[in-house]
Amino acid sequence: MIWLWTSIISAVLLGLYDAAKKKSLDKNGVFDVLLYATAISTLFFLPLLLSSLFGWGLGAGTVFDVPQGSAVDHLTVASKALLVAASWIFGILGMKHLPLTTVGIIKASRPVFVLLGCIFLFDERLNFMQWGGVTIAIVALYLLSRSSLREGISFAHNKWIYCMAGSVIFGVASALYDKYIMSHFNQVFVQGWGNLYLTVIFAAAVLLAAFSARKKGEPVQRFRWDWTILLIAIFITVSDFMYFYSLSCEGSMLSVISMLRRSSVVITFICGALLFKEQNLRAKALEMLLLLVGMALLLFGSY
(Lines give C-alpha, C1' and ligand atoms only; values in the text may rest on other atoms or scores of the structure.)
Protein backbone atom coordinates (compact mmCIF):
# COMPACT_ATOMS: atom_id res chain seq x y z
CA MET A 1 0.00 0.00 0.00
CA ILE A 2 2.98 2.31 -0.51
CA TRP A 3 1.00 4.10 -3.24
CA LEU A 4 -1.28 5.56 -0.56
CA TRP A 5 1.60 7.26 1.22
CA THR A 6 3.33 8.47 -1.93
CA SER A 7 -0.03 10.01 -2.86
CA ILE A 8 -0.09 11.88 0.47
CA ILE A 9 3.50 13.10 -0.02
CA SER A 10 2.46 14.30 -3.46
CA ALA A 11 -0.48 16.16 -1.87
CA VAL A 12 1.73 18.02 0.62
CA LEU A 13 4.11 19.13 -2.12
CA LEU A 14 1.19 20.10 -4.36
CA GLY A 15 -0.15 22.41 -1.65
CA LEU A 16 3.26 24.08 -1.28
CA TYR A 17 3.40 24.40 -5.07
CA ASP A 18 0.06 26.25 -5.10
CA ALA A 19 1.24 28.64 -2.38
CA ALA A 20 4.51 29.39 -4.18
CA LYS A 21 2.62 29.91 -7.44
CA LYS A 22 0.22 32.37 -5.78
CA LYS A 23 3.18 34.34 -4.38
CA SER A 24 5.03 34.45 -7.70
CA LEU A 25 2.06 36.14 -9.40
CA ASP A 26 2.68 39.29 -7.35
CA LYS A 27 5.58 40.17 -9.69
CA ASN A 28 4.93 38.41 -12.97
CA GLY A 29 2.29 37.52 -15.51
CA VAL A 30 0.52 34.18 -15.67
CA PHE A 31 2.27 32.80 -18.74
CA ASP A 32 5.72 33.90 -17.60
CA VAL A 33 5.37 32.01 -14.32
CA LEU A 34 4.17 28.88 -16.09
CA LEU A 35 6.93 29.05 -18.70
CA TYR A 36 9.90 29.54 -16.42
CA ALA A 37 8.76 27.11 -13.75
CA THR A 38 8.12 24.40 -16.35
CA ALA A 39 11.41 25.10 -18.12
CA ILE A 40 13.29 24.60 -14.84
CA SER A 41 11.39 21.36 -14.24
CA THR A 42 12.45 20.22 -17.71
CA LEU A 43 16.11 20.92 -16.90
CA PHE A 44 15.89 18.43 -14.02
CA PHE A 45 15.10 15.69 -16.56
CA LEU A 46 17.23 16.92 -19.46
CA PRO A 47 20.23 14.61 -18.83
CA LEU A 48 17.90 11.58 -18.83
CA LEU A 49 16.13 12.72 -22.00
CA LEU A 50 19.44 13.26 -23.78
CA SER A 51 20.61 9.87 -22.57
CA SER A 52 17.55 8.22 -24.10
CA LEU A 53 18.25 9.94 -27.44
CA PHE A 54 22.00 9.25 -27.62
CA GLY A 55 22.22 5.96 -25.70
CA TRP A 56 24.38 7.17 -22.83
CA GLY A 57 22.85 4.62 -20.45
CA LEU A 58 22.07 7.00 -17.58
CA GLY A 59 19.81 5.37 -14.99
CA ALA A 60 20.11 1.94 -16.61
CA GLY A 61 18.23 -0.70 -14.65
CA THR A 62 16.32 1.86 -12.57
CA VAL A 63 13.08 3.83 -12.87
CA PHE A 64 15.21 6.61 -14.39
CA ASP A 65 16.10 4.51 -17.42
CA VAL A 66 14.10 6.44 -20.02
CA PRO A 67 13.26 4.64 -23.30
CA GLN A 68 13.61 6.50 -26.59
CA GLY A 69 9.94 6.11 -27.53
CA SER A 70 8.25 6.07 -30.92
CA ALA A 71 6.59 8.99 -32.71
CA VAL A 72 3.21 7.72 -31.50
CA ASP A 73 4.52 7.60 -27.91
CA HIS A 74 5.66 11.21 -28.13
CA LEU A 75 2.35 12.27 -29.68
CA THR A 76 0.52 10.61 -26.78
CA VAL A 77 2.58 12.50 -24.21
CA ALA A 78 2.23 15.75 -26.17
CA SER A 79 -1.57 15.30 -26.09
CA LYS A 80 -1.42 14.98 -22.33
CA ALA A 81 0.73 18.13 -22.19
CA LEU A 82 -2.02 20.07 -24.01
CA LEU A 83 -4.60 18.98 -21.43
CA VAL A 84 -2.28 19.93 -18.58
CA ALA A 85 -1.50 23.30 -20.18
CA ALA A 86 -5.20 24.14 -20.51
CA SER A 87 -5.84 23.15 -16.88
CA TRP A 88 -2.89 25.17 -15.58
CA ILE A 89 -3.68 28.29 -17.61
CA PHE A 90 -7.31 28.41 -16.47
CA GLY A 91 -6.26 27.55 -12.92
CA ILE A 92 -3.57 30.18 -12.57
CA LEU A 93 -5.86 32.88 -14.03
CA GLY A 94 -8.42 32.03 -11.37
CA MET A 95 -5.79 31.86 -8.64
CA LYS A 96 -4.53 35.35 -9.50
CA HIS A 97 -7.95 36.88 -8.72
CA LEU A 98 -9.40 34.62 -6.01
CA PRO A 99 -8.44 33.89 -2.39
CA LEU A 100 -6.03 30.94 -2.14
CA THR A 101 -8.27 29.19 0.37
CA THR A 102 -11.23 29.36 -2.04
CA VAL A 103 -9.10 28.18 -4.96
CA GLY A 104 -7.76 25.26 -2.99
CA ILE A 105 -11.12 23.83 -2.06
CA ILE A 106 -12.59 24.39 -5.56
CA LYS A 107 -9.70 22.33 -6.91
CA ALA A 108 -10.60 19.67 -4.37
CA SER A 109 -13.76 19.03 -6.41
CA ARG A 110 -11.62 17.53 -9.17
CA PRO A 111 -11.28 14.03 -7.65
CA VAL A 112 -15.05 13.77 -7.32
CA PHE A 113 -15.35 13.96 -11.11
CA VAL A 114 -12.31 11.74 -11.55
CA LEU A 115 -14.08 9.20 -9.36
CA LEU A 116 -17.11 9.19 -11.64
CA GLY A 117 -14.85 8.74 -14.65
CA CYS A 118 -13.04 5.83 -12.97
CA ILE A 119 -16.34 4.12 -12.21
CA PHE A 120 -17.71 4.42 -15.75
CA LEU A 121 -14.48 4.08 -17.76
CA PHE A 122 -12.23 1.82 -15.68
CA ASP A 123 -14.78 -0.10 -13.59
CA GLU A 124 -13.19 0.92 -10.28
CA ARG A 125 -15.38 0.20 -7.25
CA LEU A 126 -15.29 1.85 -3.82
CA ASN A 127 -16.24 0.19 -0.56
CA PHE A 128 -18.66 1.61 2.01
CA MET A 129 -16.03 3.58 3.95
CA GLN A 130 -14.54 5.06 0.79
CA TRP A 131 -17.97 6.18 -0.38
CA GLY A 132 -18.47 7.81 3.02
CA GLY A 133 -15.29 9.81 2.53
CA VAL A 134 -16.36 10.96 -0.93
CA THR A 135 -19.80 12.03 0.33
CA ILE A 136 -18.36 14.09 3.17
CA ALA A 137 -15.95 15.79 0.75
CA ILE A 138 -18.84 16.78 -1.53
CA VAL A 139 -20.73 18.28 1.44
CA ALA A 140 -17.62 20.29 2.39
CA LEU A 141 -17.41 21.70 -1.14
CA TYR A 142 -21.05 22.78 -1.03
CA LEU A 143 -20.45 24.59 2.26
CA LEU A 144 -17.47 26.35 0.68
CA SER A 145 -19.70 27.91 -1.98
CA ARG A 146 -21.86 29.38 0.79
CA SER A 147 -18.97 30.77 2.84
CA SER A 148 -17.33 32.26 -0.28
CA LEU A 149 -20.43 34.39 -0.85
CA ARG A 150 -19.53 36.28 2.33
CA GLU A 151 -16.29 37.34 0.62
CA GLY A 152 -18.28 38.80 -2.27
CA ILE A 153 -17.53 35.81 -4.49
CA SER A 154 -20.56 34.58 -6.36
CA PHE A 155 -20.02 31.12 -7.83
CA ALA A 156 -22.64 31.87 -10.49
CA HIS A 157 -21.50 35.33 -11.63
CA ASN A 158 -17.72 35.46 -11.13
CA LYS A 159 -15.68 34.87 -14.30
CA TRP A 160 -12.67 33.71 -12.28
CA ILE A 161 -14.81 30.96 -10.79
CA TYR A 162 -15.50 29.88 -14.38
CA CYS A 163 -11.76 29.84 -15.00
CA MET A 164 -11.34 27.50 -12.05
CA ALA A 165 -14.17 25.35 -13.41
CA GLY A 166 -12.34 25.10 -16.74
CA SER A 167 -9.18 24.13 -14.88
CA VAL A 168 -11.04 21.34 -13.10
CA ILE A 169 -12.59 20.00 -16.34
CA PHE A 170 -9.27 19.81 -18.19
CA GLY A 171 -7.59 18.47 -15.05
CA VAL A 172 -10.11 15.64 -14.82
CA ALA A 173 -9.55 14.76 -18.48
CA SER A 174 -5.79 14.75 -17.87
CA ALA A 175 -6.09 12.52 -14.79
CA LEU A 176 -8.24 9.97 -16.61
CA TYR A 177 -5.74 10.00 -19.48
CA ASP A 178 -2.97 9.37 -16.90
CA LYS A 179 -4.65 6.11 -15.93
CA TYR A 180 -4.22 4.87 -19.49
CA ILE A 181 -0.73 6.30 -20.02
CA MET A 182 0.81 4.89 -16.85
CA SER A 183 -0.28 1.37 -17.79
CA HIS A 184 1.69 1.61 -21.04
CA PHE A 185 4.59 4.04 -20.51
CA ASN A 186 7.66 4.60 -18.34
CA GLN A 187 6.79 7.24 -15.73
CA VAL A 188 9.95 9.34 -16.22
CA PHE A 189 9.41 9.25 -19.99
CA VAL A 190 5.94 10.73 -19.44
CA GLN A 191 7.06 13.33 -16.91
CA GLY A 192 10.30 14.38 -18.62
CA TRP A 193 9.02 14.68 -22.18
CA GLY A 194 5.69 16.04 -20.92
CA ASN A 195 7.52 18.91 -19.20
CA LEU A 196 9.48 19.62 -22.37
CA TYR A 197 6.31 19.82 -24.46
CA LEU A 198 4.66 22.00 -21.81
CA THR A 199 7.64 24.37 -22.00
CA VAL A 200 7.14 24.69 -25.76
CA ILE A 201 3.40 25.34 -25.31
CA PHE A 202 3.93 28.02 -22.66
CA ALA A 203 6.72 29.66 -24.69
CA ALA A 204 4.25 29.96 -27.57
CA ALA A 205 1.64 31.39 -25.17
CA VAL A 206 4.11 34.03 -23.89
CA LEU A 207 5.01 35.10 -27.45
CA LEU A 208 1.35 35.21 -28.46
CA ALA A 209 0.41 37.29 -25.41
CA ALA A 210 3.26 39.74 -26.09
CA PHE A 211 2.29 40.03 -29.77
CA SER A 212 -1.36 40.64 -28.84
CA ALA A 213 -0.41 43.32 -26.29
CA ARG A 214 1.81 45.17 -28.78
CA LYS A 215 -0.90 45.01 -31.44
CA LYS A 216 -3.32 46.66 -29.02
CA GLY A 217 -0.73 49.26 -28.00
CA GLU A 218 -0.60 47.90 -24.45
CA PRO A 219 2.64 47.61 -22.43
CA VAL A 220 4.24 44.16 -22.24
CA GLN A 221 4.93 43.12 -18.66
CA ARG A 222 8.63 42.44 -18.11
CA PHE A 223 9.62 39.23 -16.41
CA ARG A 224 11.19 39.67 -12.98
CA TRP A 225 12.98 36.73 -11.43
CA ASP A 226 11.59 35.50 -8.13
CA TRP A 227 13.00 32.59 -6.14
CA THR A 228 9.49 31.27 -5.65
CA ILE A 229 9.64 30.17 -9.31
CA LEU A 230 12.45 27.77 -8.43
CA LEU A 231 10.36 26.49 -5.53
CA ILE A 232 7.40 25.99 -7.89
CA ALA A 233 9.58 23.85 -10.16
CA ILE A 234 10.93 21.74 -7.30
CA PHE A 235 7.57 21.19 -5.61
CA ILE A 236 5.69 20.23 -8.79
CA THR A 237 8.50 18.00 -10.07
CA VAL A 238 8.68 15.89 -6.91
CA SER A 239 4.91 15.96 -6.45
CA ASP A 240 4.29 14.69 -9.99
CA PHE A 241 7.00 12.04 -9.61
CA MET A 242 5.27 10.68 -6.52
CA TYR A 243 1.91 10.86 -8.32
CA PHE A 244 3.09 8.93 -11.37
CA TYR A 245 4.82 6.40 -9.12
CA SER A 246 1.55 5.87 -7.25
CA LEU A 247 -0.31 5.27 -10.51
CA SER A 248 2.31 2.78 -11.67
CA CYS A 249 1.98 0.62 -8.52
CA GLU A 250 0.07 -2.62 -8.95
CA GLY A 251 -3.40 -2.47 -7.44
CA SER A 252 -3.47 1.33 -7.18
CA MET A 253 -6.77 3.12 -7.77
CA LEU A 254 -6.88 6.46 -9.59
CA SER A 255 -10.10 7.40 -7.79
CA VAL A 256 -8.40 7.07 -4.39
CA ILE A 257 -5.08 8.62 -5.48
CA SER A 258 -6.83 11.65 -6.97
CA MET A 259 -8.89 12.26 -3.84
CA LEU A 260 -5.90 11.87 -1.52
CA ARG A 261 -3.77 14.14 -3.68
CA ARG A 262 -6.32 16.91 -3.44
CA SER A 263 -5.92 16.92 0.33
CA SER A 264 -3.27 19.49 -0.68
CA VAL A 265 -6.07 21.92 0.18
CA VAL A 266 -5.00 21.61 3.81
CA ILE A 267 -1.59 23.06 2.93
CA THR A 268 -3.08 25.85 0.81
CA PHE A 269 -5.45 26.68 3.68
CA ILE A 270 -2.55 26.99 6.14
CA CYS A 271 -0.48 29.05 3.69
CA GLY A 272 -3.45 31.27 2.90
CA ALA A 273 -3.87 31.99 6.60
CA LEU A 274 -0.20 32.47 7.52
CA LEU A 275 1.33 33.96 4.38
CA PHE A 276 -1.51 35.82 2.67
CA LYS A 277 -3.59 36.82 5.73
CA GLU A 278 -6.83 35.79 4.03
CA GLN A 279 -10.19 36.38 5.68
CA ASN A 280 -13.19 34.28 6.70
CA LEU A 281 -10.91 31.46 7.86
CA ARG A 282 -13.08 30.40 10.78
CA ALA A 283 -15.98 29.49 8.48
CA LYS A 284 -13.64 27.69 6.09
CA ALA A 285 -12.08 25.76 8.98
CA LEU A 286 -15.30 23.73 9.26
CA GLU A 287 -15.10 22.76 5.60
CA MET A 288 -11.43 21.90 6.06
CA LEU A 289 -12.27 19.65 9.00
CA LEU A 290 -14.95 17.89 6.97
CA LEU A 291 -12.52 17.37 4.12
CA LEU A 292 -9.95 15.89 6.51
CA VAL A 293 -12.57 13.49 7.86
CA GLY A 294 -13.46 12.51 4.30
CA MET A 295 -9.80 11.95 3.40
CA ALA A 296 -9.27 9.88 6.55
CA LEU A 297 -12.20 7.64 5.70
CA LEU A 298 -10.89 7.25 2.16
CA LEU A 299 -7.40 6.39 3.42
CA PHE A 300 -8.46 3.84 6.02
CA GLY A 301 -11.07 2.38 3.69
CA SER A 302 -8.31 1.65 1.16
CA TYR A 303 -6.39 -0.69 3.46
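This is a predicted model: local features need pLDDT of at least 70, side-chain atom pairs count only at pLDDT 80 or more; totals for chains, interfaces and linings use all residues.

Reader: Are the planes of Trp88 and Phe202 stacked or edge-to-face?

Author: The ring centres of Trp88 and Phe202 are 6.1 Å apart, and their planes meet at 10°. Planes under 30 degrees apart count as stacked. The angle of 10° therefore makes the pair of Trp88 and Phe202 stacked.

Reader: What is the distance, centre to centre, between Phe54 and Trp56?

Author: The whole structure holds eleven aromatic pairs, and Phe54 with Trp56 is one that is stacked, with 20° between the planes. Phe54 is exposed, at a relative accessible area of 55%. The centres of the Phe54 and Trp56 rings are separated by 5.7 Å.

Reader: Over the ring of which residue does the charged end of Arg261 sit?

Author: The charged end of Arg261 is placed 4.4 Å from a ring centre. A charge counts as sitting over a ring only if it is within 6 Å of that centre, with a further condition on the angle to the ring normal. The ring under Arg261 is that of Tyr243.

Reader: How many salt bridges does the count come to?

Author: Side chains of opposite charge can pair when their charged atoms come close. The rule applied here asks for a side-chain nitrogen of Lys or Arg within 4 Å of a carboxyl oxygen of Asp or Glu. By this rule, the number of salt bridges is five.

Reader: Why are Lys21 and Asp18 separated by about one helical turn?

Author: Lys21 and Asp18 form a salt bridge with an N to O distance of 3.8 Å, and both residues are buried. The two belong to helix H1 (residues 2–24). The separation is about one helical turn because Lys21 and Asp18 are three residues apart in H1.

Reader: Is Asp178 buried or exposed?

Author: Asp178 forms a salt bridge with Lys80, and their closest N and O atoms are 2.7 Å apart. This pair links helix H7 (residues 159–181), which holds Asp178, to helix H3 (residues 71–97), which holds Lys80, across 98 residues. Lys80 has a relative accessible area of 9% and is buried. With a relative accessible area of 2%, Asp178 is buried.

Reader: Which parts does the pair of Glu124 and Lys179 tie together?

Author: The side chains of Glu124 and Lys179 meet in a salt bridge, 3.1 Å from N to O. Glu124 is buried, at 7% relative accessible area, whereas Lys179 counts as partly exposed at 23%. The two residues are 55 residues apart in sequence, so the pair ties together the loop between helix H5 (110–122) and helix H6 (128–149) and helix H7.

Reader: What is the phi of Asp123?

Author: Asp123 lies in the loop between H5 and H6. The residue is exposed, with a relative accessible area of 53%. Although Asp123 is not a glycine, its phi is positive, at about 60°.

Reader: Which residues have the most contacts inside the largest nonpolar core?

Author: The largest nonpolar core has 46 residues. Apart from it lies another core, of 25 residues, including Ala20 and Phe202. Within the largest core, the residues with the most contacts are Val190 and Val256.

How values were computed
Residues are numbered from 1 along each chain as its sequence is written. Side-chain values use heavy atoms; hydrogens and water are left out. Helices (H or I, at least four residues) and strands (E, at least two) are DSSP runs, numbered from the N terminus. Buried means under 20% relative accessible area, exposed over 50%, partly exposed in between (1.4 Å probe, protein chains only). A nonpolar core is a set of buried Ala, Val, Leu, Ile, Met, Phe, Trp, Tyr and Cys residues joined through side-chain atoms within 4.5 Å. Rings of Phe, Tyr and Trp (its six-membered ring) pair if their centres lie within 6.5 Å; planes under 30 degrees apart count as stacked, over 60 as edge-to-face and the rest as tilted. A charge sits over a ring if NZ of Lys or CZ of Arg is within 6 Å of the ring centre and within 35 degrees of the ring normal.
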